[in-house]
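Read it alongside the sequence and the coordinates.

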Amino acid sequence: MTASPQPPPSLRVGELAYAYPDGTQALFGVDLTIGAGERVALLGPNGAGKTTLVMHLNGILTAGHGTVEVAGLPVRKDTLPEIRRRVGLVFQDPDDQLFMPTVREDVAFGPANLGVRGAELEHRVREALDQVGLPEVIDRPPHHLSFGQRRRVAVATVLAMRPEILVLDEPSSNLDPASRRELAEVLRSLEVTVLMVTHDLPYALELCERSLILSGGVIAADGPTHEILADGDLLAAHRLELPYGYVVTDRRR
Amino acid sequence: MHVPDGFFNAPVSVAAGAFAATGLGVCLRGARRELDDRTAPMAGLVAAFIFAVQMLNFPVAAGTSGHLLGGTLAAVLVGPYTAVLCVSVVLLVQGFFFADGGLTALGVNITLMAIVTTVVGWTVFRLIVRAAPRGRSVVPIAAFFGAAVSVPVASLAFTALFWIGGTAPIDVSSVAVTMGGVHVLIGLGEGLITALTVSSVLAVRPDLVYGARGLTAPLLLRTPGGTTEVATGPAPRPHRSARPLLAGGALVAVVLAGVVSFYASSSPDGLEKVAADKGLNTHEASHPLGESPLAGYGVKGVGSERLAVGLAGVAGVGITVLAGGAIFYAVRRRGRSADEAHA
Amino acid sequence: MGAGHQRQLYRPGDTLVHRLPPQCKLLAVACFAVVVVATPREAFWAFGVHVLLLAVVAAVARVPPAFVLRRMVIELPFVVFAVALPVIGLGARVEVLGMSLSAEGLWAAWNILAKATLGVVASVLLAATTEPRAMLQGARRLRLPPLLVQIAMFMLRYMDVILDEMRRMRIARESRGFAGRDLRHLPVLAKSAGALFIRSYERGERVHLAMLSRGYTGTMPVIHEGGASAGDWATAVLLPVAALVTAALSWSLS
């Protein structure tokens, strides 16, 4: 799993350790590298430190120890604006992410913070909404959209910043099957690197070639998704379970 | 109560507007200190919370129900400056987006419901917290008194404004008695629900209660060797920034409880004066409180009529505090024994 | 009060009034309200003109009278108060229909009713023809403190979300047989309120993180600066100016 030196990997995390101010340590030395254009699932049980890791990727939390690099740029205080452009974080609850009065203003919020204005801004907004297949909702207030639409608009809000890597926190949660499929189609059509944090294993299998298991604050497994999901013992060891009746056969055998 | 247009004359409306604008200016700066760059989203969410909680009707007494004003609650939960902003924004939104409360009365509404309730409630709260021994258990009790006092004081402030620039020809002292009487009850409800809400937040997320900051026991660190040491965490947020507000609040409370009621009886109309000359506000006997010593906010047996009313104002606030305290302790004890029964 | 205005007043439309820049409408309505309050109560005819002015605005904006009337319910508690005024008011008494009423009280009741009603109708027309977010833009362009406008923006955005949460909590309470009737139920309601606060606060924190993640540095980007033309202003000031002329006439006549 070594990335080629050129271009630099979209994301490189080295020896990342972090403890919350109250003393609870959540990460105990995370190492991972994600190459440009990869779609990777980050699997792990509740409390494994997934959200904590995600918060490090765009510098909302700063590493207690170790490094985070996005496309070669280390996360530091002085690089934060560029890091936040490069890392598009999609939160689990789209209501948290869509805070502006209309979809247009919400999608424009990120690029506008980067100084984009006028026709270019409008272009970015339309482009991002086209990418998620919702150009028609541009003037609607977010709370009038369906949940699935809101999740896709949330993806658009970060796409408008033209990120290097898209990080999604539990993208399939609370979606009905149709919305789930529509979101999968959107994600597949994107050309950016995707890191998907989830415990929805079938969704990981559907979308991601490669999976990581984060457990106990370290990366416990890293490999092709179908291999990891076929290893029942590995999954059981980290409190991960496939849905009832769902069997993944390891294609190597 | 959202005062509509036409209730107060133009000078009072304008003066209250200027006062409210100044107060908001101070609070905008203060809220930045309480919440830094989180101010806009946090205060916005808290404002939405206040708006929602104002719809939560609670039973006051047989058949009647009241709803929270929320000034003291917000102050204890998120800090006084942010609280004033949140309640003001709620009022502004109600005025402009829902046509609730007159636009020219916005100054009066903000002054009374956002500034006076919050400042008075927070002042009383802080005075009690400071006087009491360190510990969180005092926070809900202090919150109760803060809220319970803030509501009748706001109604006295209303009376004062009414006395200065009201458009209705009602005897000011009867306004004071009616408003005061009703709002002592409402204040008790406000106090109870504020205290209970604060204590339920304290039980789950004590870190969120602004008024309880600096009241926690220091953290302990356990090392693998089994030894325990006291953590040297970041110092608790000082409350220094709220000191001017405290002083202002104390001033407002004193002015309203004493001076305003002192003058409240100097109503310019003849009937009142005749009654006063005869020694007692006899026509007040028709009020529900007519037989009580505080009828018409005048204390019997005190020589100067004005002084008597002033004393009555102070005594009224005192009685609110005492009655509230008794009820609160009763409820609390019942809650505690219920908890013990569960355990 | 405070209950019952979950539904917003805005009525989408494409009329002259709807199209006016929000800052013009805001200022016009505020000035109108001030002029109304400053109109002497003895000048009945002036209030008639004010009503006529609002009727014209409503007609141009195609806001049906029934809509305005329904929204005026909000005024009701003060109507009750105003009706009581002549009875409890002080001063000289007059005989009306066999009842002894306070003349001063009658004047006061008329004064409050007339002015409050005009104020409410003007506000209803403003809210009915201006989208909430446009109102916020207008407030910002009128140089209201940006922080205040932002707080209002977040409040409006999350109001429905939080009311929804509150409704779900109520259903959860009621489906387990709870009915808030007397004082003993206060602790339960207060626990709901506490939980609601925690949810609101934590959502605020998450929203802040979401903003940071998209490059927020403490100031909201100003995206579109839709200024108002002189023509817009000229149209908007018609209402307060006409009202002012009316009021000025009534001043000079009285």
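Chain C of this predicted model has a mean pLDDT of 83, with 93% of its residues at 70 or more. For the complex, the predictor gives an ipTM of 0.88 and a pTM of 0.78.

**Confidence in chain C**

- Helix α3 (residues 44-60) of chain C has the highest confidence in the chain, at a mean of 92.
- Confidence is lowest in strand β1 (residues 93-96) of chain C, where the mean is 73.
- Residues 1-6 of chain C have a pLDDT below 50. In the model, this stretch has 11 contacts beyond near neighbours in sequence.
- Where pLDDT is low, predicted coordinates should not be read in detail.

**Contact between chains C and B**

- Chain C contributes 77 residues to this contact and chain B contributes 63 residues.
- On the side of chain C that touches chain B, two or more residues come from each of α2 (22-38), α5 (76-88), α6 (103-129), α7 (132-141), α8 (146-174) and α9 (186-213) of chain C.
- Of these elements, α9(C) gives the most, with 17 residues.
- By class, the side of chain C that touches chain B consists of 51 nonpolar, 18 polar and 8 charged residues.

**Contact between chains A and C**

- Here 26 residues come from chain A and 22 residues from chain C.
- On the side of chain A that touches chain C, at least two residues are supplied by each of α2 (80-86), α3 (94-97), α4 (103-113) and α6 (147-159) of chain A.
- The largest share of that side, 6 residues, belongs to α4(A).
- The side of chain A that touches chain C divides into 13 nonpolar, 7 polar and 6 charged residues.

**Sheet in chain A**

- An open sheet of 6 strands in chain A has the order β6-β7-β8-β3-β9-β10, with mixed pairing.
- The edges are β6 (87-90) and β10 (218-224) of chain A; each has a single partner strand, so one side of each lacks a neighbour in the sheet.
- On average, neighbouring strands of this sheet are turned by 20 degrees against each other, direction ignored.
- Within the sheet, strand β3 (residues 39-43) of chain A runs parallel to strand β8 (residues 193-198) of chain A, and 5 bridges join the two.
- A:Ala41 has A:Met196 in β8(A) as its bridge partner.

Terms used:
Residues are numbered from 1 along each chain as its sequence is written. Chains are lettered from A and ligands numbered from 1 in the order in which they are written. This is a predicted model: local features need pLDDT of at least 70, side-chain atom pairs count only at pLDDT 80 or more; totals for chains, interfaces and linings use all residues. Two residues are in contact if their C-beta atoms, placed from the backbone, lie within 7 Å. Helices (H or I, at least four residues) and strands (E, at least two) are DSSP runs, numbered from the N terminus. Ala, Val, Leu, Ile, Met, Phe, Trp, Tyr, Cys and Pro count as nonpolar, Asp, Glu, Lys and Arg as charged, and the others, Gly among them, as polar. Two strands pair if DSSP finds at least two bridges between them. Axes are lines fitted to C-alpha atoms, for helices over the stretch in contact, and angles run from 0 to 180 degrees between N-to-C directions. pLDDT is the predictor's confidence in each residue, from 0 to 100.
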